[in-house]
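The paragraphs below take them one group at a time.

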Amino acid sequence: MDHRSRRAEVRNPVLGLPSARLLRAIPEDTRVLLAILLFDLAKDARCRARTSWEKRKAFLAAYWATVAVYAGHIARILAFEGRRRLSRKPFRIAQKGFPDIAASDWAEASRLYCERRDAVGEGASIFPDATVLLERVPVGRISYNGRIWPVGEWQPGDVPLYDNRTERADLV
């Protein structure tokens, strides 16, 4: 017997807040984009919670676990309103001269770009950078080394959105 309530606002307490109605009023394309980013944030926060717990930093682990829960609650409000369901691979890698590739997250986007780069065998001066898209919206640029940067030309002081040397996203 399932003892959890079937009422949506019990399973997702954010639904009980007045602002939840405003989240549902956001245009569908924007809601989908925000939901994808919040699901990604929740995944990162769960990873940080596990790492903090392993390092015996209980308060930090609790903080990140809470961030993950609420990011997920808000993402579900945004994602499951309307007709469209989120793709399991919402990221698209667009690169001049190559077909687009679907990816599930920053790490997979970087890995797939690097696999293509290695298979083609062209050097940095020839092999083109790629653009990471979320629902047709450019959100990053993959450089030859596989790091994902903010959209646009690199500027001194820029920090990667995803650094494949550390194997985790550092969302700015």
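The side chain of arginine 116 comes to 2.7 Å from the backbone oxygen of proline 99. With the side chain of glutamine 95, arginine 116 makes a polar contact at 2.9 Å; a polar contact is a pair of N or O atoms within 3.5 Å, where within protein one must be able to donate a hydrogen and the other to accept it, and residues adjacent in sequence count only if both atoms are side-chain atoms. The model is a predicted one, in which local features need pLDDT of at least 70 and side-chain atom pairs count only at pLDDT 80 or more, while totals for chains, interfaces and linings use all residues. Residues are numbered from 1 along each chain as its sequence is written, and side-chain values use heavy atoms, with hydrogens and water left out.

Arginine 116 lies in helix α5; helices (H or I, at least four residues) and strands (E, at least two) are DSSP runs, numbered from the N terminus. Leaving aside residues up to four places away in sequence, arginine 116 touches Gln95, Phe98, Pro99, Ile101 and Phe127, contact meaning heavy atoms within 4.5 Å.

A salt bridge is a side-chain nitrogen of Lys or Arg within 4 Å of a carboxyl oxygen of Asp or Glu.

Side chains of opposite charge can pair when their charged atoms come close. The structure holds seven salt bridges. One of them joins arginine 111 to glutamate 115, with the closest N and O atoms 2.8 Å apart. These two residues are four apart in helix α5 (residues 106-120), so about one helical turn separates them. Arginine 111 is partly exposed at 40% relative accessibility, and glutamate 115 is partly exposed at 41%. A network of salt bridges links Glu108, Arg111 and Glu115.

Aspartate 163 meets arginine 165 in a salt bridge of 2.7 Å, N to O. Arginine 165 is exposed, at 60% relative accessibility, whereas aspartate 163 is buried, at 8%. Aspartate 163 also forms a salt bridge with arginine 147, at 3.3 Å from N to O. Aspartate 163 lies in strand β6 (residues 162-163) and arginine 147 in the loop between β4 (137-142) and β5 (148-149), so this pair ties together parts that are 16 residues apart in sequence. Both aspartate 163 and arginine 147 are buried.

Note on methods: Buried < 20%, exposed > 50% of the residue type's maximum accessible area, 1.4 Å probe, protein only.
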